[in-house]
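Work through the exercises below with the model open beside you. Try each task before reading its solution.

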Amino acid sequence: MKLQCEVEVISRHLPALGLRNRGKGVRAVLSLCQQTSRSQPSARAFLLISTLKDKRGTRYEVNAIEFVMGRTSMYALSPVEFIILQLLFIQANSSSLKGFLSAVRLAHRGCKVDIPVSTLTPVKTSEFENFKTKMVITSKKDYPLSKNFPYSLEHLQTSYCGLVRVDMRMLCLKNLRKLDLSHNHIKKLPATIGDLIHLQELNLNDNHLESFSVALCQSTLQKSLRTLDLSKNKIKALPVQFCQLQELTNLKLDDNELIQFPCKIGQLVNLRFLSAARNKLPFLPSEFRNLSLEYLDLFGNTFEQPKILPVIKLQAPLTLLESSARTILYNRIPYGSHIIPFHLCQDLDTAKTCVCGRFCLNSFIQGTTTMNLHSVAHTVVLVDNMGGTEAPIVSYFCSLGCYVNSSDMLK
Ligand SMILES: [Zn+2]
């Protein structure tokens with residue numbers, strides 16, 4: 001049985017000698033081997049650590065190994081050999097590591113390992129090739145059909161491969177940090193992309209996507225995803241939950257069919273680069289003012305002229321729904337579809353924020369005004385060929401009082 005991994009051998013004597021370990025593992029193949037001899041009928045198990053420099057490997061008798069601690073992707077063993085105490089830090093694909101360690105444990109207890117064990121032969125160079133961390137495929141003919149992707153990949157690009165869906169084999173690559181599927185024909189993203197817990201960069205430029213699902217917005221991507229390129233797709237709108245992707249710093253939405261930004265876009269506090277050129281945005285949502293960007297490109301949108309007259313939808317008195325919704329949001333009372341009907345959650349999720357900071361659902365005054373985009377971004381690409389950097393933005397007012405107080409703003 002073999003395990004491809006990274007191993008760091010740390011001598012416990014290093015600190016005593018005033019030395020520090022490098023903190024970096026080397027690519028290695030661990031083999032679990034069993035040897036029987038006539039004098040010793042019971043099988044002796046060995047752990048063999050082979051590296052590119054030392055293909056024959058260093059042998060540790062399994063019985064001399066003491067288990068110290070375990071974590072999902074890292075494990076430490078303490079082999080006692082020649083009185084020197086050493087620690088082995090093993091980093092590998094967690095499921096293969098689990099399987100390998102349980103086999104070692106069985107061998108440690110003296111059990112026979114029923115998985116076929118390899119004999120003590122040097123590891124071949126080809127076995128180290130699986131440690132690739134980067135793979136770039138830019139044509140259909142190079143796309144692997146019969147072979148799996150190396151598990152150790154951190155950066156995978158498969159462009160111009162004619163993919164119509166995301167290959168499930170990619171979703172097993174738990175170390176992926178960068179996934180580039182640009183220039184394909186992908187229509188829909190599987191929710192399981194959200195299981196790639198380290199994914200920081202996702203490039204879907206030039207595909208046939210029509211949406212970005214709520215499930216993805218609520219996956220572990222919330223904690224990892226920094227760069228998302230959805231340019232050249234057919235997206236009309238993004239869900240309100242999109243703004244839960246809190247780590248996003250770079251978002252590209254150029255050349256889509258967007259008719260609106262998600263209304264809570266101001267919650268993307270880490271966003272620095274935003275481009276949504278050549279879409280169909282008529283105006284910006286009020287929360288757009290809360291962004292703090294370095295770069296903004298909204299060129300070639302179908303921005304409308306701000307309306308002179310406001311839209312008045314005030315209720316007097318407020319309905320029970322309106323006043324309870326306002327109370328829930330103002331007091332930040334937690335809610336969810338396990339407590340209240342799903343449609344009410346959606347209403348609360350898309351509530352409008354008044355300039356006074358309070359919220360409103362259906363009772364409000366809506367006004368449009370223009371905003372200079374330089375107030376939210378250092379570098380602004382002109383919005384049209386006329387050299388403008390202004391765009392229409394919607395404002396909401398929860399009461400007549402708020403509207404009157406802010407009416408200067410709308411002039
Ligand atoms: Zn107000």
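**Exercise 1.** How many salt bridges does the structure hold?

Solution. The structure, which is a predicted model, holds 6 salt bridges. One of them joins the side chains of Asp142 and Lys141, with 3.8 Å from N to O. To check it, compare the distance with the cut-off: a side-chain nitrogen of Lys or Arg must lie within 4 Å of a carboxyl oxygen of Asp or Glu. Side chains of opposite charge can pair when their charged atoms come close.

**Exercise 2.** Classify Asp142 and Lys141 as buried, partly exposed or exposed.

Solution. Begin with the cut-offs: buried means under 20% relative accessible area, exposed means over 50%, and partly exposed is in between. Asp142 has 46% relative accessibility, so Asp142 is partly exposed. Lys141 has 72%, so Lys141 is exposed.

**Exercise 3.** Find the salt bridge between Arg278 and Asp255 and say which parts of the chain it links.

Solution. First, the distance: the closest N and O atoms of Arg278 and Asp255 are 2.7 Å apart. Next, the places: Arg278 is in the loop between β14 (273-275) and β15 (293-297), while Asp255 is in the loop between β13 and β14. The two residues are 23 residues apart, and the pair links distant parts of the chain.

**Exercise 4.** How many aromatic pairs does a search of the whole structure find?

Solution. The search finds 5 aromatic pairs. Among them is the pair of Tyr143 and Phe149, with 6.0 Å from centre to centre and 75° between the planes. Planes over 60 degrees apart count as edge-to-face, and that is the class of this pair. Both Tyr143 and Phe149 are buried.

**Exercise 5.** Classify the pair of Phe212 and Phe242, then locate both residues.

Solution. The ring centres are 5.6 Å apart and the planes stand at 75°, so the pair of Phe212 and Phe242 is edge-to-face. Phe212 lies in the loop between β11 (201-203) and α2 (214-217), and Phe242 lies in the loop between β12 (227-229) and β13 (250-252), so the pair ties together parts that are 30 residues apart in sequence. Phe212 counts as buried because its relative accessibility is 2%. Phe242 counts as buried because its value is 1%.

**Exercise 6.** Which residues does Phe359 contact, leaving aside its neighbours within four places in sequence?

Solution. Start with the location: Phe359 is in strand β18 (residues 359-360). The contacts of Phe359 are Arg326, Leu329, Tyr330, Lys352, Thr353 and Cys398. Now look at two residues on this list. Tyr330 has Arg358 over the face of its ring, at 4.3 Å from the ring centre. Lys352 lies over the face of Tyr396, at 5.8 Å from the ring centre.

**Exercise 7.** Which residues form a nonpolar patch on the surface with Ile312?

Solution. The patch consists of Ile312, Leu314, Leu400 and Val404, with about 370 Å² of accessible area together. Val404 lies in helix α6 (residues 400-405).

How values were computed: Residues numbered from 1 in each chain as written. Predicted model: local features only at pLDDT ≥ 70, side-chain atom pairs only at ≥ 80, totals over all residues. Heavy atoms only, no water. Patch = residues over 30% accessible without salt bridge, like charges linked within 9 Å, V, L, I, M, F, W, Y side chains within 5 Å. Areas by Shrake-Rupley, 256 points an atom, 1.4 Å probe, with all protein chains shown as cover. Helix = DSSP H or I, 4+ residues; strand = E, 2+ residues; numbered from the N terminus. Phe/Tyr/Trp six-rings, centres within 6.5 Å; stacked < 30°, edge-to-face > 60°. Buried < 20%, exposed > 50% of the residue type's maximum accessible area, 1.4 Å probe, protein only. Lys NZ or Arg CZ within 6 Å of the ring centre and 35° of its normal. Contact = heavy atoms within 4.5 Å.
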